[in-house]
Each structure stands twice: as C-alpha cells, then as structure tokens.
Amino acid sequence: MSALAKDAAVRRVEIPAAPSFREATRLWARIGLLSFGGPAGQIALMHKELVEERRWIGEERFLHALNYCMLLPGPEAQQLAVYIGWLLHRTAGGLVAGILFVLPGALVMLCLSGFYMLYNDAPVVEALFFGIKAAVLAVVVEAVIRIGKRALKNRAMVAIAVAAFLAIYVVRVPFPLIVLAAGLIGWAGNRFAPALFSASAHGKTAAGTETRGAVDLMFERGELGHTMPKRGHAIRTIAIWLPVWLGPAALIAVLAGPGSVWAQIGGFFSLMAVVTFGGAYAVLAYVAQAAVTSFGWLSPGQMVDGLGLAETTPGPLILVLQFVGFAAAYRHAGFANPLLAGSLGSLLTLWVTFVPCFFWIFLGAPYIEQLRRNKALAAALGAITAAVVGVIMNLALWFALHVVFGKVASVGWGVEVPVLSSLDWRAALLSAAAMVAMFRLKLGMLPTLAGSALAGLALLAL
C-alpha cells in the first residue's frame, strides 16, 4: 500500500461514526443554551462543537453550508444549525436543531419582556436599564466597524454604504427598497465592473487545514439521498411551508380584524423575514423607526431597552423582535389581559420570524451548489452587505440621539438633530466607558453590559 493510501486509511479510521438522533438532540440543546455573543460567537461555537471536537461535519462542508446561509434573509447562525441538522437527520433533524437553537433564548426573552413591562418604572430597574442603554450604543458602533471592515473593500462599496445611510436617514427610503436597489446595483456591477463587485471567497482555509467529518463519509457512501433535488421538490416545499408560515398570522388577522395590532404584527414581521439580509443590526434600524414612529408600539428608550435585553440572552439577536411584538400587544391589548396579550404577540412574532428560516433551508439546500457558484448573485449580495453597513450607521446614530440626548428636533425631511442643551452627561460618560471597555480593553459584550448596568445604578444613586 502506498504512503498516500495509508494516510487516507488512517484519516478514514479517525472520522467518527454518524451521530444518533438522540446524540444530535443533546448537542443542539447544549448549543442553544450556550449561544451567547451574537452570530459570530454562535457560529464559532458550532464550529468548535461540530467540526473540531466531534467531527460530525468537515471544515469545507461546514463553510459550504455557511456560505449558503449568508445568502439568505434571517439569522444565519440559526439557519446554519437547521442546515447541518437537516444534513445529519433529514427534516426532523433540521427542525430539532433550529427549534433548540432558538427555544432557550425565546423563553428567557418572554419572561424578561413581561418583567420589563410590569416593573420598568421601578427606580432600581430604571437605573439598570439606563446603564444598559449606554452599553448598547457601544455594541452597535462595534457592529458598524466589524461589518464595515468585511464589506467595504473598495470605493464602490463605500459609496453604496454612504448612499444607503443617506437614503434611510435623510429621505426615509424603506429598508426593503434599499435592499432591492443595492442588489440590482451589485447584479449590474458584476456585468459591467466585475473587478469591483466580485465576491471574495468566504472563510477559505489554509492549505493542509481541511478536516473531514462523519457527514462527508455519509456522502461518499451514498447515504444522503435527501440532499439531491428531486422533481417537484420546490413545489412540495412551498405548498407545505407557506401555509405553515403565514396561516396562523392570516387566521389571527381574520379573527381580530385587519386593523388590529395582531394583523399589524403578523404582516410587518412576515415582511421583515423576507428582507432581513445582513443580520439583526441591519433590520433593527427599520424596525425601530417603524415600531416607534409609524405604529407607535413603544418609545425610543424602550426600543433600546429591548435590544439590551436581547444582548443578554442566548440565541439569535433578532429575538429583540419578540420584545417588540410583546410591547405592541401589551400596550394595545384591547379586551385581553395585557400580559396574556403581550405573550400572544410575542409568540406570533416568533412564529413569523423563525418559521421562514426552516422554509429557506428546506427549499434551497438541495440546490446549494448552483446558488454558491452564481457570480451575479454573489455580487448582488456583496452590494447588499455594503448597504447594510450604511443602514447600521443609521441605527447607531438613532441610538446615540435617543440615549445621550433627552430631546431631538426635526429639521425637515424627517431628519432629527439633537437639542444640545438636553445632553445627559451621565449617559455620555457611560457610553464612552463602554466603548473603551470593548475597543481598548477587549472586554466581551456580556461583561460590558453587566458593568454598564451596575455603573448606571451607581450614577443614578448619586
């Protein structure tokens, strides 16, 4: 036997057997409980557990799945869990992986939302959230810098980001239209200026670092027939999952009336599930403006508080939408008990936000190779990512205005500027300290939030 064959044989022996459904369920529950730190931390946790320690999936296939999830609207970390669960154990595996990834954080967020609505006027709670708001501003600024470094690789991408910022801040262009325009620019750019719009490979590994996992051997043995697209696959998936996704929202809208808060929640967040390219921070700018200004569901300060709550829970950051849905139904309960109404609003928001994640994976995963190699699509999504940076810049400015200043004034076109005399020096000091903690001292998000909350309590006590 040649040395190459011996090496291949050794590598094959080292690869573990495919996990049982029970083993996979235990691991997905563990990941759901430990998935703090936003999408970057969640993806890193899955890589550590699935690739490095258990070798259930190889490095190349893990990144292949991640590439596909980055193309989709919605939380990419949860979609990656659904995808890998689907690879291992078909539809049931994807359902278990996705549900357990979200469930712990959703339960915590439901309890925190109810507690907040009942006791946010208490002096101690108000002081803690005063500090959390200041830290949230630092978290959003860090997101602008992190995503900007990855997305703004040349002048064309910078121009798209600036244009997106001006469009949403000055002209108030709806977020879905910004996504559509950026995608069209990227698609055209791939044709006329491919050097500026070509997407670089995401997550390439250095030579010699590739690992293989149990899933790779299952592919080699022909055990993953469900990964091959079959005739009628798309039609069947759409016929099943569209009613599952939109049916409950439509039924509630019919029962409660088209003008009810339930119809607003179901319709608005269903739309968000389709256009949330670029992660939670991108959609938050649009959600914040719509929830505060258009619908009047909650105040600017409450929106910032909700993001602070979401930052402290496991699971996707997009769980902040659950808080918004809770607040909307709680404050417009009508005949229902406010806590019951808030809980139902929270659950409806969860449903229309996360069910589409399963739909996108089960619909498109069998066609992943075709999507991954489409250069025009990759260029369009690269331009969308650049536009997302501008949208998040708007979110950072919106937070800064409502955290550091007590009053803002409109100067036309809906543009808001701070009333300088309303500067809250305590909020400004806490925000600056939080930025030093994150950027200079390299403290994590959770320690920074906890420290800012305690500092807010101390400052207001003084």
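**A walk along the helices**

Gln-322 is a buried residue, with a relative accessible area of 2%; buried means under 20% relative accessible area, exposed over 50% and partly exposed in between, using a 1.4 Å probe and protein chains only. Before going further, please note that this is a predicted model, in which local features need pLDDT of at least 70, side-chain atom pairs count only at pLDDT 80 or more, and totals for chains, interfaces and linings use all residues. Residues are numbered from 1 along each chain as its sequence is written, and side-chain values use heavy atoms, with hydrogens and water left out.

Gln-322 sits in helix H15, residues 320–331. Helices (H or I, at least four residues) and strands (E, at least two) are DSSP runs, numbered from the N terminus. What does Gln-322 touch, once neighbours within four places in sequence are set aside? Its contacts are Ala-106, Met-109, Leu-110, Ser-346, Thr-349 and Leu-350, where contact means heavy atoms within 4.5 Å. Thr-353 is 31 residues away from Gln-322 along the chain, with 8.8 Å between their C-alpha atoms.

Next, look at Met-303 in helix H14, residues 300–311. Met-303 counts as buried because its relative accessibility is 1%. Leaving aside neighbours within four places in sequence, Met-303 is in contact with Leu-284, Val-287, Ala-288, Val-292, Leu-298, Val-324 and Trp-398. Ala-291 lies 12 residues from Met-303 in sequence, and 8.4 Å from C-alpha to C-alpha.

Now turn to helix H18, residues 375–404. At 1.5 Å a residue, its 30 residues should span 44 Å, and its end C-alpha atoms, 43 Å apart, agree with that; the expected span is 1.5 Å times one less than the number of residues. H18 is mostly covered, with 21 of its 30 residues buried.

Which residues of H2 are buried? They are Ala-24, Leu-27, Trp-28, Ile-31 and Gly-32. Seen down the axis, these buried residues fall within an arc of 140°, so they line one face of H2; the arc is that of the directions from the helix axis to the C-beta atoms. On the face turned away from this buried side, H2 carries the exposed residues Arg-22, Arg-26 and Leu-33.

Our last stop is His-47, found in helix H3, residues 38–53. At 15% relative accessibility, His-47 counts as buried. Not counting residues up to four places away in sequence, His-47 touches Glu-52, Glu-59 and Phe-62.
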